[in-house]
Amino acid sequence: MTGVQPVQWLTPGTPVDVTNCEREPIHVPGSIQPRGVLIAVSEPDLVVEQASANLVDVVGIEWADALGRPLADVLGTVPAQAVARSAAAFGDLRERNPVELTLDRDGTPVPVDAILHRAVHGTPTAGPVARLLPGGEGAPVTPGPERGLGSTLVVELEPAFGPRPFSFPNTYQAVRGTIAELNRASDLQALYDITVEAVRSLTGFDRVMLYRYDEAYNGEVVAEAQHGGLDTFLGLHYPASDIPAQARALYEKNWIRLISDVGYTPAVLHPVDHPATGQPLDLTYSTLRSVSPLHVEYLHNMGVRSSMSISLLREEKLWGLIACHHYSGPHAPPYATRAAAEFLASTLSLRLVDRAAEEEVRRALRARSTLAWLTAATLDEDRPLAESLLGTPDLLDLVPADSVAVQLEGHTAVRGLPLDPAVAAVVADWAAGRRADVVSSESLLTDAPELGVPVEVACGVLCVPLPEGQSVVWVRHEKVRSVDWGGDPHHKVLAVPEGDDVRISPRKSFARWQETVHGRSEPWTPAEVGEATELRTNLLEALYARTRRVARAAETLQRSLLSEPPQPDHLQIAVRYVPAAREAQVGGDWYDVFQQPDGATVLVIGDVVGHDTEAAAVMGQLRGLLRGIAYASEDGPAAVLSRLDAAIAGLKVDAIASVLVARLEQTPDELERGVSRVRWSNAGHLPPVALAVDGSTRLLGGDVRADLLLGVSPGAPRREHEATVERGSTVLLYTDGLVERRDQVFDDGITALQGLLTGMAETPVPELADTLLARLLPERAEDDVALVAVRLHEQVRPRPDR
């Protein structure tokens, strides 16, 4: 790999301060917090290789006496056997934590919780290669557990408190009521508030806060629970520098971190370097990992005596934190309590993802409905495009803004607050020079000061440049915001005298500090930029259909509307579209091919009843709705068609159409057997044709009557069909224009199609598609034709080197 620069970690012994903390190797501190002890043992013989200096406090044996001895000599035979059994079991060690042990200290039973994880490492000559399974960002890593690599079992022992035996039912029971409340929560703020109250009740910390991060990892306290005698931190913001990047990376791997006593004295690991690697032991997944002295100082400055943090993740990325503070003294919730709190945070993370997904689906459906109406309006060639886009609904319903200016076909129009068209033109020229499909800025003052546009006139813009100087420009005014920070974010450090030297220290003041932000608008979201991009595609279609004189617009339209399909390694795909009336270049037939997040490939073929601009408008609506419904859906083709039919009825789209949705899938077992599986649902469309390697053909589902057309009877049952297709076969989807003639019925046309395919088993797919169109269509097509041909490679092609 190139282009990724490795972090230059500070060497051991280098003083850490605010100026270099982002390079502090916090995953290898060489010490632990002394609320427990750590033993690193070799595998499989379980001989002690490293031990923390405080080993005697829990085990009763000095660390020096433990090194080089079997684990059974240090813990006792029965506890060591319990550790060995857990370590030998299949799966993730952390899922079986803690291992409940009872040590014998001079005849006195001492219950402890053993928390296990495993590190895989190479040889000392290989450099800093210590790596945890699974590996962590910010740490030097090996290519993996390859031949010749050894492993170290890390055993952490904490004195046991709380109910025993520890079990998942006990954990679940502790938060069962809270989970029920989360399920009933009506909005995100309720989710936050319920969680912080539950964590504080569960753990007993003086204050529990929920931080939410923005794109730059600046944090905001969005919920707080406390005992009532503290100044509130609710609503305060904290700069991203308070939690450096390597600390955020650890939070994404190890979801909970406890500092039971901020004033602790670290217990050093002996020896400092692991004997097998010559490097400090990686403690990314350690529960006792010693924390950065700079972070300890930061907590001291806040008056915090004990701290616990629990990660909130979305799509495996840090979304926020639950931060717990205690002020009256050390505080150490037992392992079972911490596990329950972590379980609760994981549940909240899932709820946040579900809620965000639900809100995004609702927003996307509203936007797609608006876009569909606007698309239909633009196809009315008797009405100026500018007027069509500013009717009801209009462009401000698609993308909220203060104003929108349209310059199309020589017409200029503004909707919303007054805006000088000359200002819109200047902005459009600037955006066109950026050579991007869509250009956005939340601060013209920063991004284009040369324009000289006053901030009170236009602060943020979203611009769609179009051919011939045409454009759509949304404008948002300045949004002056007051941000309450926990301390002055511009003075994050202090110069602290230390003898003859001066050390850079974290800030000591966390009092509410208000900053007023000028010169920025409400930011444009990725979804809004995406909707503007889709509008651009539809406008290019409309401009092409209306003008026909700009070849450049025609080429852009072809790329936008009839874009090339994806070409996964295991497939070769060709798509074709031939309009019935070549001078119109629009119609009701369409195709679509896209891959879903799980790797499956979705094939769509459809035909809207009608052959005019109205049919084309409806086609655009259905194509957009179907793609939006199917892309991230885990439902099968039948459910997708049912949802599309419901959307047609619910959004009052005047449409009747035949549609076939197919999904190409392949499990590892099917890959081994050299076959693939195709699942499809058919709403009144012609059956797909499968061409085998030996030249034989068959109709997929040809003996089953197709379901009702879409738009006829919402709620009609939709069936799903499945077939196995051998590798090397070709699957063909097509519309009726390919096989129907005034003097030829469907059956005869399909028979002719199968006969022509018989000799094309080895013909490259693009040539196959062109040959079918050339041989089966008359000189002037009577009907639109859409075609999708997919060849399943006999072997998956290797990716070319990049």
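Trainee: What do buried, exposed and partly exposed mean here?

Mentor: Buried means under 20% relative accessible area, exposed means over 50%, and partly exposed is in between. Keep in mind that this is a predicted model.

Trainee: Is V712 buried or exposed, or in between?

Mentor: V712 has a relative accessible area of 44%, so it counts as partly exposed.

Trainee: Where does V712 sit?

Mentor: V712 is in the loop between β30 (697-699) and β31 (721-726).

Trainee: Which residues make the nonpolar surface patch?

Mentor: V609, I656, L708 and V712 make it, and the patch covers about 340 Å².

Trainee: And which residues form the negative patch?

Mentor: D694, E726, E762 and E794 form that one. Take E762 as an example: E762 lies in the loop between α19 (746-757) and α20 (765-776). Its relative accessible area is 75%, so E762 is exposed.

Trainee: Back to the loop between β30 and β31. Which salt bridge has both partners there?

Mentor: The side chains of R719 and D707 meet in a salt bridge, with N to O at 2.8 Å. Both residues are in the loop between β30 and β31, 12 residues apart. R719 is partly exposed at 36% relative accessible area, whereas D707 is buried at 10%.

Trainee: How many salt bridges are there in the whole structure?

Mentor: A search of the whole structure finds 23. As background, side chains of opposite charge can pair when their charged atoms come close.

Trainee: What does R368 pair with?

Mentor: R368 meets E534 in a salt bridge, 3.0 Å from N to O. The pair links distant parts of the chain, with R368 in helix α9 (residues 335-378) and E534 in helix α14 (residues 526-547), 166 residues apart. E534 is partly exposed because its relative accessibility is 30%.

Trainee: Is D598 buried or exposed?

Mentor: D598 is exposed, at 52% relative accessible area. R663 is buried, at 12%.

Trainee: Changing topic: how many aromatic pairs does the structure hold?

Mentor: It holds two. In one of them, the ring centres of Y192 and W319 are 6.0 Å apart and the planes are at 40°, so the pair is tilted.

Trainee: Why does that pair tie together parts apart in sequence?

Mentor: Because Y192 lies in helix α6 (residues 188-203) and W319 lies in strand β14 (residues 317-326), the pair ties together parts 127 residues apart in sequence. Y192 and W319 are both buried.

Trainee: What about the backbone? Which peptide bonds are cis?

Mentor: Among them is the bond from E43 to P44, with omega near 10°. P44 is in the loop between β2 (37-42) and β3 (48-52). The bond from N97 to P98 is also cis, with omega near -5°. P98 is in the loop between α4 (77-88) and β4 (99-105).

Trainee: Why point those out?

Mentor: Because most peptide bonds are trans, and most residues other than glycine have a negative phi.

Trainee: Which residues have a positive phi without being glycine?

Mentor: R435 is one of them, with phi near 55°. K652 also has a positive phi, about 55°.

How values were computed: Residues are numbered from 1 along each chain as its sequence is written. This is a predicted model: local features need pLDDT of at least 70, side-chain atom pairs count only at pLDDT 80 or more; totals for chains, interfaces and linings use all residues. Side-chain values use heavy atoms; hydrogens and water are left out. Patches are made of residues with over 30% relative accessible area and no salt bridge: like charges are joined within 9 Å, nonpolar side chains (Val, Leu, Ile, Met, Phe, Trp, Tyr) within 5 Å. Accessible areas come from the Shrake-Rupley method with a 1.4 Å probe; for residues, only the protein chains shown count as cover. A salt bridge is a side-chain nitrogen of Lys or Arg within 4 Å of a carboxyl oxygen of Asp or Glu. Lys and Arg count as positive and Asp and Glu as negative; His and the chain ends are not counted. The place of a charge is taken as NZ of Lys, CZ of Arg, CG of Asp or CD of Glu. Helices (H or I, at least four residues) and strands (E, at least two) are DSSP runs, numbered from the N terminus. Buried means under 20% relative accessible area, exposed over 50%, partly exposed in between (1.4 Å probe, protein chains only). Rings of Phe, Tyr and Trp (its six-membered ring) pair if their centres lie within 6.5 Å; planes under 30 degrees apart count as stacked, over 60 as edge-to-face and the rest as tilted.
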